[in-house]
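Subject: A structure for you to look at

Hi there,

Here is the structure I promised to pass on. Have a look at it first, and then read my notes below with the model open beside you.

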Amino acid sequence: MIQVTISKKSPLTQNICRLNLSATDGSQLPKATPGSHIDVHLPNDIIRQYSLCSEADSSDYEIAVLNEPQGRGGSKYVHENLKVGDTITISEPKNLFPLSSDAKNTLLVAAGIGITPILSMAEYLLQQGANFSLHYCVKSPEQAAYIERIKNSGLAPHTHFYFSENGRVNLSDVIQTPYDDLHLYVCGPAEFNDAVIACASEKNWQAENIHREYFTAAAIDHSDDESFEIEINSTSDIFRVSADESILNVLEEKGYDIPVACEEGVCGTCLTGLLAGEADHKDVFLTDQEHAKMDQITPCCSRAKSARLKLDL
Ligand code: FES
């Protein structure tokens with residue numbers, strides 16, 4: 001964990017603010033690779049993940065936070081309570097959305113606040129002299145975070161903006177015909193990511209060339225949730241998970257310390273090995289291929305299709 005001080009806070013758009021964070025003890029912050037995020041431990045006991053979009057020559061970390069009044073309180077707290085000079089705790093950078101070293105060409109697609117990891121990738125690729133294009137879908141120029149940074153940099157010739165108030169973009173124009181060393185990176189709301197992945201699949205993209213990061217999950221339908229059992233491999237203890245509680249609730253109640261952050265199947269922090277049983281995967285962190293392997297589960301939101309799951313704990 002790292003203690004950081006908010007050195008700057010400024011609006012990027014009407015509802016997105018930018019925070020610059022520097023190490024409270026004056027030390028150098030760990031280097032982050034493009035696509036990295038940090039867990040931000042807010043003083044109201046909420047942990048949120050934010051992608052790093054620091055400028056190349058900056059020693060600070062920079063994050064951009066969209067105010068989501070209907071959310072669970074993290075972004076509202078950042079917007080309304082955090083101020084310059086406050087000290088907060090963050091994790092070291094983690095990268096679950098890294099650029100592939102195999103890619104010779106890269107198609108970067110962002111929607112809304114999903115621009116944050118995509119922007120750090122684009123700036124890195126530009127610096128490397130790599131072949132890439134950046135496609136930024138957003139409701140209007142006024143709502144586009146970092147529009148000036150993009151327009152006033154060498155990124156401009158690589159960038160295509162798609163402004164659409166209703167959020168509809170003809171993805172067929174964005175997703176080109178695949179070839180072996182072309183990799184696609186998409187970050188946006190769940191429905192946007194799903195639509196991009198569906199369009200790429202229709203165009204016969206290989207799953208391993210499609211990389212995605214979700215920053216919010218679509219609402220999870222719990223209407224058909226049923227009770228099931230979990231078995232702990234190391235102790236053979238068996239616990240019942242009722243229809244209205246999560247695996248995580250039960251594990252915490254029984255004294256298991258499971259690392260958690262988003263609690264909605266987005267970040268993968270709670271990922272736990274699955275040794276037997278059929279999971280009802282409800283997360284967006286694992287890919288369809290990883291879900292099909294049935295060897296990992298996100299206990300914060302996923303459940304069981306079989307009567308019992310054996311967890312590698
Ligand atoms: S805590 Fe984020 S996926 Fe479970």
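Let's start with strand 12, which runs over residues 228-232 and is mostly covered, with 4 of its 5 residues buried. Please keep in mind as you read that this is a predicted model.

Which strands does strand 12 pair with, and in what sense? With strand 13 the pairing is antiparallel, over 4 bridges. With strand 18 it is parallel, again over 4 bridges. You can find both pairings by looking for facing residues: Ile-230 stands opposite Phe-239 in strand 13, while Glu-229 stands opposite Arg-308 in strand 18. As a general point, the side chains of a regular strand alternate between the two faces of the sheet.

Strand 12 and strand 13 also form a hairpin, with 5 residues between the strands. In that hairpin, Ser-236 takes a positive phi near 65°.

Strand 3 (residues 37-41) and strand 4 (residues 47-51) pair in the antiparallel sense over 5 bridges, and Val-40 stands opposite Arg-48 in strand 4. This hairpin has 5 residues between its strands, and Asp-45 in the turn has a positive phi of about 70°.

A word on those phi values. Most residues other than glycine have a negative phi, so the exceptions are worth a look. Glu-263 is one of them: its phi is near 60°. You will find Glu-263 in the loop between helix 6 (247-253) and strand 14, and at 45% relative accessibility it counts as partly exposed. Met-294 also has a positive phi, of about 55°, although it is not a glycine. The place to look for Met-294 is the loop between helix 7 (288-293) and strand 16. Is Met-294 buried or partly exposed? Its relative accessibility is 23%, so it counts as partly exposed; buried would need a value under 20%.

Ser-140 is in the loop between strand 8 (131-138) and helix 3 (147-151). Its relative accessible area is 9%, so Ser-140 is buried. Leaving aside neighbours within four places in sequence, Ser-140 is in contact with Phe-163 and Glu-165. Ala-103 is in the loop between strand 6 (87-90) and strand 7 (105-111). Not counting residues up to four places away in sequence, Ala-103 touches Asp-181 and His-183.

Finally, the chain as a whole. How many helices and strands are there in the protein chain? The answer is 7 helices and 18 strands. The C-alpha trace spans about 60 × 50 × 35 Å along its principal axes. A compact globule of 313 residues would have a radius of gyration near 20 Å, and the chain agrees with this, since its value is 20 Å. Of the 313 residues, 47% are buried. Among contacts with a separation of 6 or more, 66% are between residues 24 or more positions apart.

The accessible surface comes to about 15,000 Å², and carbon and sulfur atoms account for 45% of it. As for charge, there are 24 positive and 45 negative side chains, and the centres of the two sets lie 3 Å apart.

Happy exploring, and write back with any questions!

Best wishes

Conventions
Residues numbered from 1 in each chain as written. Predicted model: local features only at pLDDT ≥ 70, side-chain atom pairs only at ≥ 80, totals over all residues. Heavy atoms only, no water. Helix = DSSP H or I, 4+ residues; strand = E, 2+ residues; numbered from the N terminus. Rg over C-alpha atoms; globule rule 2.2 N^0.38 Å. Buried < 20%, exposed > 50% of the residue type's maximum accessible area, 1.4 Å probe, protein only. Contact = heavy atoms within 4.5 Å. Areas by Shrake-Rupley, 256 points an atom, 1.4 Å probe, with all protein chains shown as cover. Lys, Arg positive; Asp, Glu negative; His and termini not counted. Charge placed at Lys NZ, Arg CZ, Asp CG, Glu CD. Pairing = 2+ DSSP bridges.
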